[in-house]
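Please consult the sequence and structure below while reading.

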Amino acid sequence: AEINLVVGDYDQAITNLQRSLEIKPDYPVTSALLGDVNLAKGMYSQAMRFYERYLALPLSEVKQAEGRLNLSNLYFLKGEYDQAVQECQKALELDPQMIKAHWIRGLTFLKKEMFEQADSEVLAIKGLIEETKAEDLRTNYYHLLGELFLCKGINQQALANLNQAATIWSLDRTYYLNALGEAYFKIG
């Protein structure tokens, strides 16, 4: 199912995950992945149902934080920015070093035109990357910084950062590629 999700075969991923639920209904990974697949398909209410199911299971604080991050992403994609920020805050209370929660919160602040707060999230991500050595999450830093430059009309800087974000492989790649396309469009 995870491979199906990565390659975009969402219907087969759902079939395999439903089989997994039949075998072990309380396996948290299955609920989280069903949320992810439904989110990828744009089926927000189903994604919400599975993310809430995931959070209802007995989970460690780190796993609860991941569940809150999933909800924040869902709310962000739905344009429900206040809820996205609230879920990011809950995730960060559980795991203060969760770079992706800062990233989604920063993107949300940009949508709300709260540029100083978005800039603070860029700095928080940079500090956490240096502290944790989470180089694989540097893409979140470059993406948020690029989006911030785009909003400020500093298009060449935006382009440079978004290109950098796009060179680092990630499952969240559509965020970076969409922003990169927008930067190229603005530059002409």
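Y142 is buried, with a relative accessible area of 18%; the cut-off for that class is under 20%. The model under discussion is predicted, and every value given here is computed from it.

Y142 lies in helix α9. Leaving aside residues up to four places away in sequence, Y142 touches N161, L162, Q164, A165 and I168. Y142 and K100 are 42 residues apart along the chain, and their C-alpha atoms are separated by 12 Å.

H143 also belongs to helix α9, which spans residues 138–152. H143 has a relative accessible area of 0% and is therefore buried. Its contacts, again not counting residues up to four places away in sequence, are W103, L107, L162, A165, Y175, Y176 and A179.

**Packing of α7 against α8**

Helix α7 comprises residues 99–111 and helix α8 residues 115–132; their axes are 8 Å apart and meet at an angle of about 165°. Because angles over 145 degrees count as roughly antiparallel, α7 is roughly antiparallel to α8. The crossing of these two helices is left-handed.

On the α7 side, the contact is made by I99, H102, W103, R105, G106, F109 and L110.

**Loop residues with positive phi**

Which residue in the loop between α7 and α8 is considered here? E113 is found in that loop, and although E113 is not a glycine, its phi is positive, at about 60°. K133, located in the loop between α8 and α9, likewise is a residue other than glycine with a positive phi, near 60°.

| Residue | Relative accessible area | Class |
|---|---|---|
| E113 | 61% | exposed |
| K133 | 63% | exposed |
| Y142 | 18% | buried |
| H143 | 0% | buried |

**Packing of α3 against α5**

The crossing of α3 and α5 is left-handed.

A32, D36 and L39 of α3 meet N70, N73, L74 and L77 of α5 in this contact. Sorted by class, the contact has four nonpolar, two polar and one charged residues.

**Aromatic pairs**

How many aromatic pairs are counted when ring centres must lie within 6.5 Å? The count comes to two. In one of them, the ring centres of F76 and Y81 are 5.8 Å apart and the planes stand at 55°, so the pair is tilted. F76 is buried, with a relative accessible area of 10%, whereas Y81 is partly exposed, with a value of 24%.

Technical notes: Residues numbered from 1 in each chain as written. Predicted model: local features only at pLDDT ≥ 70, side-chain atom pairs only at ≥ 80, totals over all residues. Heavy atoms only, no water. Left-handed = near helix turned anticlockwise from the far one by under 90°. Helix = DSSP H or I, 4+ residues; strand = E, 2+ residues; numbered from the N terminus. Contact = heavy atoms within 4.5 Å. Nonpolar A, V, L, I, M, F, W, Y, C, P; charged D, E, K, R; others polar. Phe/Tyr/Trp six-rings, centres within 6.5 Å; stacked < 30°, edge-to-face > 60°. Buried < 20%, exposed > 50% of the residue type's maximum accessible area, 1.4 Å probe, protein only. Axes fitted to C-alpha atoms, helices over the stretch in contact; angles between N-to-C directions. Parallel < 35°, antiparallel > 145°, perpendicular 65-115°, else oblique.
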